Amino acid sequence: MAERVDAVVIGAGAAGLFCAAQAGQAGVKVVLVDNGKKPGRKILMSGGGRCNFTNMYADHTAYLSNNPHFCKSALARYTQWDFLDLVNRYGIAWHEKSLGQLFCDESAQDIVDMLLSECEKGSVDFRLRSEILSVSKSERGFLVQMANGEIEADSVVVATGGLSMPGLGASPFGYRLAESFGIPVLPTRAGLVPFTLHKPLLTQLETLAGVSVPVVVTVPDGTSFKESLLFTHRGLSGPAILQVSSYWQGGETVSINLLPDLDVDDFFQRSREEHPNQSVKNTLARCLPKRLVECLQALDIVPDVALNQLSAVRRQALVETLTDWRIQPNGTEGYRTAEVTLGGVDTDALSSKTMEATKVPGLYFIGEVVDVTGWLGGYNFQWAWSSAWACAQSLAQKSG
């Protein structure tokens with residue numbers, strides 16, 4: 001005979017842990033199932049092991065979705081300040097990095113420990129290393145069949161994440177489960193991911209691996225980000241590239257402004273007046289990494305002449321290239337290094353207030369498995385907390 005509970009939460013990542021904890025503390029009898037050995041594996045890896053757990057500027061404008069309005073309700077009802085209040089209650093030391101990004105001072109383990117403590121307060125029953133064979137409708141809700149037993153529950157919450165970082169157990173399980181209940185899933189692709197480059201450009205830029213430079217990167221739809229770009233052995237990475245990768249479509253060219261804080265034409269004219277015999281290369285090396293300038297010269301972008309030999313036409317061409325360097329990526333590094341998955345469970349099939357499937361009462365989808373993807377910098381964690389909280393409120397109402 002099947003064990004009977006109020007709710008089964010599938011996936012012990014950020015959204016699953018937080019939802020189980022909140023629901024449990026509201027009196028819901030929760031079983032949390034995950035096929036991994038440890039909860040919160042992706043949390044532990046995030047932010048270089050320091051967990052960028054939210055962002056001070058999180059609001060709906062920082063999210064991509066087929067329905068950009070869907071995330072508004074959850075984000076407004078459980079905000080970054082609510083989560084920060086919880087972090088502060090646990091005495092976890094944190095700091096703000098650039099652009100409102102909040103990180104743990106010590107370790108991402110502090111966030112995992114906090115979530116586990118919250119689950120303990122809610123008497124959440126963990127079933128780790130448990131493979132789910134099937135989820136089906138039953139007379140009294142849902143039947144969750146596992147390799148080591150079965151559970152009957154009034155509600156099932158799918159918090160299985162996306163396809164990014166398969167090394168941490170990512171799988172298409174949540175999408176398949178949605179489709180088995182007739183819930184549409186939008187096409188998925190890697191987001192917040194480095195670009196790869198075609199040869200010969202890749203070979204020509206090889207000497208720049210490890211060089212970082214502040215830039216503005218723009219994609220054809222007009223979306224741009226001002227952050228740093230990092231040259232790698234495979235192509236381009238760094239925050240600016242990861243950000244625009246979510247907006248980039250295959251085959252498109254990206255525009256890179258290598259000197260976003262400089263009036264480049266004015267800089268050359270003033271430099272020419274002050275140091276007419278200085279080479280263009282040495283002039284540029286005052287505001288760009290020397291290795292980058294040398295590489296641009298090898299690419300015939302930076303002319304090998306003195307400033308007083310630089311014609312107005314060539315100067316204009318150089319200014320245009322430095323502020324609008326066009327590169328066509330070969331593709332991305334894919335799910336292996338992607339931080340998130342774009343696409344997923346269609347939000348049109350869910351309630352924005354509760355995350356419940358409108359045509360399958362009692363079935364919920366939260367976190368990354370849903371077609372809501374945030375910018376780099378703590379936004380995706382905030383979506384996990386907000387969507388989990390919205391779901392937990394609904395579970396509490398039902399069991400109450």
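# Close-up views of a predicted model

**View 1. D300 and its loop.** The place of D300 is in the loop between α11 (290-298) and α12 (312-323), where helices (H or I, at least four residues) and strands (E, at least two) are DSSP runs numbered from the N terminus. The model is a predicted one, in which local features need pLDDT of at least 70 and side-chain atom pairs count only at pLDDT 80 or more, while totals for chains, interfaces and linings use all residues. Residues are numbered from 1 along each chain as its sequence is written, and side-chain values use heavy atoms, with hydrogens and water left out. Phi of D300 is near 70°, a positive value in a residue other than glycine. D300 counts as exposed at 66% relative accessibility; here buried means under 20% relative accessible area, exposed over 50%, and partly exposed in between, with a 1.4 Å probe and protein chains only.

**View 2. R129 and its loop.** R129 lies in the loop between β7 (125-127) and β8 (132-138). The phi of R129 is near 50°, a positive value in a residue other than glycine, and R129 is exposed, with a relative accessible area of 59%. Most residues other than glycine have a negative phi, and most peptide bonds are trans.

View 3. The peptide bond from K199 to P200 is cis, with omega near 5°. P200 belongs to the loop between β12 (195-197) and α7 (201-205).

**View 4. The pairing of β11 and β19.** The strands β11 and β19 pair in the antiparallel sense over 5 bridges, pairing being assigned if DSSP finds at least two bridges between two strands. In β19, T341 is the bridge partner of A190. Because 6 of the 6 residues of β19 are buried, this strand is largely enclosed by the rest of the structure.

**View 5. The second largest pocket.** This pocket holds about 220 Å³ of space. A pocket is defined on a 1 Å grid over the protein atoms alone, as an open set of points where a 1.4 Å probe fits, with protein on both sides within 12 Å along at least five of seven lines, and lining residues have an atom within 4 Å of a point. Grid points are joined across faces, edges and corners, and the volume is the space filled by probe spheres set on the points. The lining is made up of L64, S65, N66, L186, P187, R189, S246, Q249, L342, G343 and D371. The elements that give two or more residues to this lining are β11 (185-191) and β19 (340-345), and the largest share, 3 residues, comes from β11. By class, the lining has 4 nonpolar, 5 polar and 2 charged residues, with Ala, Val, Leu, Ile, Met, Phe, Trp, Tyr, Cys and Pro counted as nonpolar, Asp, Glu, Lys and Arg as charged, and the others, Gly among them, as polar.

**View 6. Helix α13.** Helix α13 (residues 379-399) has 21 residues and reaches 30 Å from its first C-alpha to its last, close to the 30 Å expected at 1.5 Å a residue, the expected span being 1.5 Å times one less than the number of residues. The helix is mostly covered, as 17 of its 21 residues are buried.
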